[in-house]
Amino acid sequence: MRPYQKDGFNFLCRLTELKLGGVLADDMGLGKTLQTLAWLAWLRERHARKHRPSLVICPASVLHNWRREANRFTPHLKVLVLESGAARHNLRKQIPQHDLIVTNYALLRRDLSALQKFEFRSIILDEAQFIKNPSAQVTQSVKQLRADHRLALTGTPLENRLLDLWSIVDFVQPGYLGTQSEFHQNYEPKGDDIAWSQKVARRRLSAKLRPLMVRRLKQQVAKDLPDRIEQRR
């Protein structure tokens with residue numbers, strides 16, 4: 001791993017020891033999957049005597065990328081991919097024998113009752129902006145799953161509105177930013193000097209999120225990137 005990726009891995013390990021959920025919000029292409037796989041391997045070793053699988057929920061387009069990356073970087077992890085088709089109903093019986101289960105957001109809604117029967121070591125949301133709408137069915141579904149640790153991966157933690165960020169954080173660490181109404185009151189102030197109030201509120205929100213979130217941009221870690229990535233900038 002590159003230096004910034006090792007820092008990200010160490011960040012995830014610290015969160016685990018503190019029993020906190022987290023958000024890994026690095027730019028696309030900086031290796032969020034690699035950092036997560038290293039963390040999952042660490043979790044497996046740490047709990048070697050009490051095996052429990054971890055669950056990755058991702059867009060269908062990257063479903064098999066997780067298997068490929070795991071085979072490349074953590075070949076000792078047994079990976080089970082659940083995808084569309086009748087076969088997955090039998091495959092779910094194999095969940096306890098695997099280290100990493102990978103499914104997609106669309107299937108999660110259909111398989112929720114079956115997945116609720118399991119207690120996972122961790123749940124990882126890849127492209128976590130999929131749950132940016134707190135009232136959406138997919139958001140409500142992921143919050144009903146049981147796990148010791150929760151992690152969100154996203155290169156765009158804030159897309160359109162601050163509520164996007166609240167929804168993601170409320171998954172990884174429920175209640176950390178208060179209720180929706182409390183969040184609006186604390187971080188989306190209204191008043192005469194709205195520009196100044198919002199600036200202060202953003203600083204307070206940034207400080208509040210610092211223990212749970214790490215975000216690196218490509219320009220911040222440029223010296224650690226391979227030449228082929230540098231040339232694309």
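**Questions about the fold**

Q: What pLDDT do local features need here?
A: Residues are numbered from 1 along each chain as its sequence is written, and side-chain values use heavy atoms, leaving out hydrogens and water. This is a predicted model in which totals for chains, interfaces and linings use all residues, side-chain atom pairs count only at pLDDT 80 or more, and local features need pLDDT of at least 70.

Q: Where is Glu 127 found, and what is its phi?
A: Helices (H or I, at least four residues) and strands (E, at least two) are DSSP runs, numbered from the N terminus. Glu 127 sits in the loop between β5 and α6 (137-142). Most residues other than glycine have a negative phi. Glu 127 is not a glycine, yet its phi is positive, at about 55 degrees.

Q: Is Lys 19 buried or exposed, and what is its relative accessible area?
A: Lys 19 lies in the loop between α1 and β1. Its phi is near 60 degrees, a positive value in a residue other than glycine. As for the surface, Lys 19 counts as exposed because it passes the limit for that class, with a relative accessible area of 70%.

Q: Which strands stand at the edges of the sheet?
A: Two strands pair if DSSP finds at least two bridges between them. Seven strands form an open sheet with parallel pairing, in the order β3-β4-β2-β5-β6-β1-β7. The two edge strands each have a single partner, so one side of each is left without a neighbour in the sheet; they are β3 (79-81) and β7.

Q: How many residues of strand β4 are buried?
A: Follow the side chains of β4: Leu 100, Val 102 and Asn 104 point one way, while Ile 101 and Thr 103 point the other way, and all are buried. Strand β4 (residues 100-104) is therefore largely enclosed by the rest of the structure, and its buried count is five of the five residues.

Q: Which residue of β6 is the bridge partner of Asp 126?
A: Strand β5 (residues 119-126) and β6 pair in the parallel sense, over seven bridges. In β6, the partner of Asp 126 is Leu 153.

Q: Which elements are included in what covers the buried residues of α1?
A: Among the buried residues of α1 are Tyr 4, Phe 9, Phe 11, Leu 12 and Leu 15. Contact here means heavy atoms within 4.5 Å. What covers these buried residues includes β1 (22-24), α2 (32-46), β6 (146-153) and β7.

Q: Which elements give two or more residues to the lining of the largest cavity?
A: A cavity is a set of points on a 1 Å grid over the protein atoms alone where a 1.4 Å probe fits but cannot get out, and lining residues have an atom within 4 Å of a point. The lining of the largest cavity includes Leu 12, Leu 15, Thr 16, Trp 39, His 149, Arg 150 and Leu 151. The elements giving two or more residues are α1 and β6.

Q: Which residues does Asp 170 touch, leaving aside neighbours within four places in sequence?
A: Asp 170 is found in helix α7. Asp 170 is buried, with a relative accessible area of 14%. Leaving those neighbours aside, its contacts are Lys 143, Gly 175 and Gly 178.

Q: How far apart in space are Glu 69 and Arg 216, C-alpha to C-alpha?
A: Glu 69 is part of helix α3 (residues 63-73). Not counting residues up to four places away in sequence, Glu 69 touches Thr 33, Leu 37 and Thr 74. Glu 69 and Arg 216 are 147 residues apart in sequence, and their C-alpha to C-alpha distance is 21 Å.

Technical notes
Buried < 20%, exposed > 50% of the residue type's maximum accessible area, 1.4 Å probe, protein only. 1 Å grid on protein atoms, 1.4 Å probe; cavity = no way out; pocket = protein on both sides within 12 Å on 5 of 7 lines; lining within 4 Å.
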